[in-house]
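Student: I would like to learn how to read the features of a model such as this one. Please take them one at a time.

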Amino acid sequence: MRVSVLIPLPLTGPYDYLVPEGMALARGDFVAAPLMSRQVIGVVWQVHEQNTPPEGLDPAKLKKLIDRLDVPPLNDELMAFVDWVASYTMTPPGAVLRLVMRSTSALEPPRMQIAYVLSGTPPPRMTKARQRVLDILRDNLPRTAAELAQEAGTSSAVVKGLAQAGALSPVDRPADRPFPTPDPAFGGVELSPAQAAAAQRLIEAVDARQFSTVLLDGVPGSGKTETYFEAVAAALKQGKQALILLPEIALTVQFLDRFADRFGCRPAAWHSDLTSKERRRTWRAVAQGKVPVLVGARSALFLPFPDLGLIVVDEEHDPAFKQEEGVIYHARDMAVVRGSLGHFPVVLSTATPSLETVVNVAQGRYRHVVLPERHGPANMPQIDAVDMRQDGPERGRWLSPRVIEGLRKTLQSGEQGMLFLNRRGYAPLTLCRKCGHRMKSPDSSSWLVEHRLKNRLVCHHTGFSMAKPKTCPGCGAEDSLVGCGPGVERVAEEAADLFPDATVVIMSSDTVRGPAAVERIVEDMLAGNIDLLIGTQIVAKGYHFPRLTFVGVVDADLGLSGGDLRAAERTFQLLSQVAGRAGRESRPGRVLLQTFMPEHPVMAALIAGGRDGFLAAEAAAREDYALPPFGRLASIILSSRDPHAVEATGRALAKAAPVSEGVSVLGPAPAPFALLRGRHRHRLLVKAERQINLQAYLSAWLAQVKPPNNVRLAVDIDPYSFL
Ligand code: ADP
C-alpha cells in the first residue's frame, strides 16, 4: 500500500511512501517517515488503495514508513482547513501543517510518573504525618510523593517511608495534569432582557449545529462577554469544544478569572508565552478531546480539536489577528473558514466592527445581534475634542489645560484617570540641536526611539539598541542631542510633575512584560493603588476598571497619517476602545481627545457617537475605489541584502505580470520600510475586482519568474500592513 504523507516543512506537497506489512494506516494518522537522511514526523494525507504510483514515480524508489505514532489522528475538518488555508494564503500546505504541529514533544509517548495509592496494608508504625498521608489517599486518586507531601504538610521522606513499609503501592500516572471541566451551570450573572434575547440567538446558532457567522455588536460594557458565555455553555452541553480567540495575550489574565466565575474553573490557554511543558500538555489534551474550552491567541486556531462546536472571536476588528510572518493569515477570516468546514457557528464580538464585517452583515452573509446599551446604570462616556490649535499645551509640554483640569478633578474625587498615547518610550526622535543630525537605526529605515527608563536608544522594528551618545555623531558637539515629541515615558514625567502626590504607572509592551506583570497592574488598578495609568494601545483592550472615569488621549491624530487604507477605521476603533474604558459603572465617564483636526470625520463620529454613519461613509469611499472589501488586494514583498537584486527582481516581476481585465499591478516601489534588519525591500500591490480569482492570477504570474536565491518573495493576501 502507498500513502501520501504531508510533512510540516515548506515543501511543495505530500510525499509518497510505502506502508510496511502489518501497519494499519488511515488518513490523518501521524507517522514517522524517512526524509533524506533524517527521520521526520508527518501526517497521512491520502491513502492510495491501488499501488499505481503517479507517473514519473518509480515504485521501487519509494521509501517505507518507519512507524505509526500513538497520537489521535487529525480529523477531516482540520485537514481540509490546512489545505484551504494553504491555497488561500499561497503557502505550501506543509508550512500550514507546521502551525498545527506546534508541540513536537506532544507527539512523543506521554511521559509517566510514579504516583501512589493505598495498598491496604497498614504500616507497622503510625505517626501523625503518616496518618495524614493515608487519609488523603482515601479518595483513590493517585498522587506523587511531592504532591502528597505538600498536601499533608510533611516531607516526601515520610511518603517514601510509607512506600517502603508496603503501605503504599506505586502506579504509573501521566506526568501531565488533566484540565478541569467547566460547568455550564456553575454561575453567571442574571442577564438583562436585551442580553438574554441576544444570548438566545447565539444559543440557537450553536444548537443548530450548522455553520453560521454572527456579529455580536454592543458598546463597551454592554455585556458581550457574559452573553457569549451562554453560547459557550450551549456548546459544552452538547459535549463539544469551544474556542475563544483573543487578540492579545495580555488580555487573558482578567478573562480567565471571569471565565472561572461563570464556569467554576479556568479554561485552558494557548499563546506564545507557554512553556514547552504546558504546550505539550495542552496540545495533547486538546487532541484527545479533553479540553472543553480553550482561550488563545490567533495560533490556537490551528489546534487539533476533535469536535469543535463554536469559535468566538473577541474584538474581531483587532489588527493583532493578522499574522504577518511565515504563513500570512487573518485569524478572524480563517476562523470563519474553519467554522464553515466544520459546520459550526462563529461569533464575532466587538464594539467597533471592522468594515469587512459590517459589509458582510449588510449583504446578509453574517447575522447581526445587537446590545445597544451599557449594563446597569453605566452610560457611555461623554467624549469631547480639545482643539490643539487653540487650547494646546505650553511649549515643551504635551498635556493641554483642559486635560490637566479634567485629571485634577478626577484625582481630587478619588477616582482614577488614564492617559493614552500610542507611542512607547520617551521621545520618538532624537536630534542634534547644533547640526540637525537625526539618530537613525543602522539597519532599518526608522528613527531610534529614546527609552529613558532603560537609558537606551531603541529601534522599534529590529530591537537594535545603543546607549545615547554623549556627543553628536554628525558634528561632534557635546550634549547637543535632544528628544523630540512625546512617548508615554515623557507624558508620565509631565504628569508626575503636575500631580506629585499621585501614583502614576506606565503600561506599555516594554515596561510590562508578560501576563504576570499585566496581572499586577490590573490588580493595582482594581485595588485603587494606581491613580493615573499611562499607556499605549495595550491599555485600550477590554479591561474593566470600575473607578476609572477620565481618559485623556494625548495625540488623537497619531494613527491618521500614512497611506494605510484602514487608517481612519483603525483610529476610530482604537479611540472608541480607549474611550470605552471610562465610566464603566455608576460614576459617569469623560473623555478628552487632543487633536489638531476636531472636524475630521473620525473625531466627529467619536464625539457625536456616529459610528454607523462613519462606517457607511468609509464603506462608500472604499466602494468608489474598489478597495477591500469591495475589491481584492494582494501584496508581494521582495527583500534582499543586495539592493540591486531586489530592484531587478521587482522590475522583472512587473514586466511579467499577465494582462488581465479587472486586475492592475502597482509598483514595484521601495516599501515604506525600505530597509529592515539589513534587508532592502520593494513592494508590488495587486488590485483586482472582487469576482476575480486572485490566487490563480498570482500563481500563473509567479510561475514565470523565479527570483534569484538571494531574494525572498512573500505574498500577503488581503494585506493589512502596508509597510
Ligand atoms: P463587554 O464585553 O460588552 O465589554 P462585559 O461582558 O465585559 O461587556 O460586561 C461589562 C461588565 O458588566 C462586567 O463586569 C460584567 O460582569 C458586568 N455585567 C454585564 N452584564 C451583567 C449582568 N446582566 N448582570 C451583572 N453584571 C453584568
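**Helix packing, burial and backbone**

Tutor: Helix α3 (residues 128-136) packs against helix α5 (residues 156-164) at an angle of about 75 degrees, with the axes 10 Å apart. That makes α3 roughly perpendicular to α5; angles of 65 to 115 degrees get that name, those under 35 count as roughly parallel, those over 145 as roughly antiparallel, and the rest as oblique. This is a predicted model, in which local features need pLDDT of at least 70 and side-chain atom pairs count only at pLDDT 80 or more, while totals for chains, interfaces and linings use all residues. Residues are numbered from 1 along each chain as its sequence is written, and side-chain values use heavy atoms, with hydrogens and water left out.

Student: How are the helices and their axes defined?

Tutor: Two packed helices are described by the angle between their axes and the distance between the axes. Axes are lines fitted to C-alpha atoms, for helices over the stretch in contact, and angles run from 0 to 180 degrees between N-to-C directions. Helices (H or I, at least four residues) and strands (E, at least two) are DSSP runs, numbered from the N terminus.

Student: Which residues in α3 and α5 meet?

Tutor: From α3 come Ala129, Arg130, Val133 and Leu134, and they meet Val158, Val159, Gly161 and Leu162 of α5; contact means heavy atoms within 4.5 Å. The residues of this contact divide into six nonpolar, one polar and one charged. In that scheme Ala, Val, Leu, Ile, Met, Phe, Trp, Tyr, Cys and Pro are nonpolar, Asp, Glu, Lys and Arg are charged, and the others, Gly among them, are polar.

Student: What does the protein chain look like as a whole?

Tutor: The protein chain has 20 helices and 31 strands. Its C-alpha trace spans about 85 × 75 × 60 Å along the principal axes. With 723 residues, a compact globule would have a radius of gyration near 27 Å, and the 29 Å of the protein chain agrees with that. The radius is taken over C-alpha atoms, and the globule rule is 2.2 Å times the number of residues to the power 0.38. Among contacts with a separation of 6 or more, 75% are between residues 24 or more positions apart.

Student: How much of the protein chain is buried?

Tutor: Buried residues make up 53% of the 723 residues. Buried means under 20% relative accessible area, exposed over 50%, and partly exposed in between (1.4 Å probe, protein chains only).

Student: Why is helix α11 described as largely enclosed?

Tutor: Six of the eight residues of α11 (residues 355-362) are buried, so the helix is largely enclosed by the rest of the structure. The buried residues are Leu355, Glu356, Thr357, Val359, Asn360 and Val361. They pack against β8 (212-218), α10 (331-342), β15 (345-350), β16 (367-371), α16 (567-579) and α18 (611-624). After α11 comes Gly364, with a positive phi near 80 degrees.

Student: What does Glu356 touch?

Tutor: Glu356 counts as buried at 13% relative accessibility. Leaving aside neighbours within four places in sequence, Glu356 contacts Arg332, Arg566, Glu569, Arg622, Pro628, Pro629 and Tyr720. Pro628 and Pro629 are themselves joined by a cis peptide bond, with omega about 5 degrees. Pro629 is in the loop between α18 and β28.

Student: Where else is there a cis peptide bond?

Tutor: Gly667 and Pro668 are joined by one, with omega about 10 degrees. Pro668 is in strand β29 (residues 663-676).

Student: Which residues other than glycine have a positive phi?

Tutor: Met90 is one of them, with phi near 60 degrees. Met90 lies in the loop between α1 (76-89) and α2 (93-100) and is partly exposed, at 24% relative accessible area. Glu315 has a positive phi of about 60 degrees. Glu315 lies in the loop between β12 (308-314) and β13 (322-323) and is buried, at 12%.

Student: How many disulfides are there?

Tutor: A disulfide is a covalent bond between the sulfur atoms of two cysteines. Here it is taken as a pair of cysteine sulfur atoms within 2.5 Å, and the count is zero. The sulfur of Cys432 is 3.7 Å from its closest cysteine sulfur, in Cys472, which is too far for a bond.
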